[in-house]
Amino acid sequence: VTVWSGVTLLTVACGSNVAALFALRAVVGIAEGCNYPSQMRLLTMWVPHEERATAWAFMTTGEYVGTILALLGGPLVVHAAGWPAVFLISGAVGVVWIAMFGLLGASAPSAHCCISRQELELIAATRPPQPSVRKTPWLAFARS
């Protein structure tokens with residue numbers, strides 16, 4: 001979200017520089033590639049196992065609703081304030097999201113400042129066994 005928001009805000013500064021706009025939008029696409037794996041990781045850390053499908057449906061539905069609202073509202077914003085406003089608003093929403101997550105979120109329940117012991121125990125009790133973590137054989141990849 002940080003990369004996506006920053007690059008979206010930088011889009012306004014590029015103006016009509018087509019090469020820079022292309023490069024920035026490519027970076028947005030690359031940053032989006034991290035979105036779903038990151039969401040899934042947070043989901044597996046925070047949501048009790050039997051509630052994960054519902055949580056995933058809620059999260060993805062929110063994305064689609066946001067997309068629809070952006071597609072409906074974008075032309076109105078462009079008409080009222082010009083094309084840069086769309087990028088400024090989108091980037092600002094991301095910055096607000098980052099700030100809220102920084103204040104209220106955590107990568108794991110055990111790292112959250114305000115989680116109750118009862119909630120932490122519920123999440124831990126419903127978590128399926130975790131597979132062992134293996135190191136990625138980068139050297140073997142490079143040699144092949």
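Leaving aside neighbours within four places in sequence, Val78 is in contact with Trp83 and Val86, and Val78 itself lies in helix H4. The model described here is a predicted one. Helix H4 is also where the largest share of the lining of the largest pocket comes from, and its axis comes within 11 Å of the axis of H3.

**Two residues in their surroundings**

- Thr8 lies in helix H1, and Thr8 counts as buried because its relative accessibility is 1%, which is under 20%.
- Once the neighbours within four places in sequence are set aside, the residues in contact with Thr8 are Arg25, Val28, Phe87, Ser90 and Gly91.
- Of these contacts, Gly91 stands 83 residues apart from Thr8 along the chain, yet the C-alpha atoms of Thr8 and Gly91 are separated by 5.3 Å.

**The packing of H3 against H4**

- Two packed helices are described by the distance between their axes and by the angle between those axes.
- For H3 and H4, the axes come within 11 Å and cross at roughly 145°, and the crossing in which H3 passes H4 is right-handed.
- On the H3 side the contact is made by Asn35, Tyr36, Gln39, Met40, Leu43 and Thr44, while on the H4 side it is made by Arg52, Ala55, Trp56, Met59 and Glu63.
- By residue class, the contact of H3 with H4 is made up of six nonpolar, three polar and two charged residues.

**The largest pocket**

- Rolling a probe the size of a water molecule over the atoms shows where empty space is left.
- In this model the largest pocket holds about 1,800 Å³ of space, and among the 48 residues that line the largest pocket, those closest to its centre are Val1, Asn35, Gln39, Glu63 and Trp97.
- Asn35, Gln39 and Glu63 also take part in the contact between H3 and H4.
- At least two residues of the lining are supplied by each of helix H1 (2–14), helix H2 (18–32), helix H3 (35–46), helix H4 (52–81), helix H5 (83–104) and helix H6 (117–126), with H4 providing the largest share, 14 residues.
- The lining of the largest pocket divides into 30 nonpolar, 14 polar and four charged residues.

Technical notes. Residues numbered from 1 in each chain as written. Predicted model: local features only at pLDDT ≥ 70, side-chain atom pairs only at ≥ 80, totals over all residues. Heavy atoms only, no water. 1 Å grid on protein atoms, 1.4 Å probe; cavity = no way out; pocket = protein on both sides within 12 Å on 5 of 7 lines; lining within 4 Å. Points joined across faces, edges and corners; volume = space filled by probe spheres on them. Helix = DSSP H or I, 4+ residues; strand = E, 2+ residues; numbered from the N terminus. Nonpolar A, V, L, I, M, F, W, Y, C, P; charged D, E, K, R; others polar. Axes fitted to C-alpha atoms, helices over the stretch in contact; angles between N-to-C directions. Left-handed = near helix turned anticlockwise from the far one by under 90°. Contact = heavy atoms within 4.5 Å. Buried < 20%, exposed > 50% of the residue type's maximum accessible area, 1.4 Å probe, protein only.
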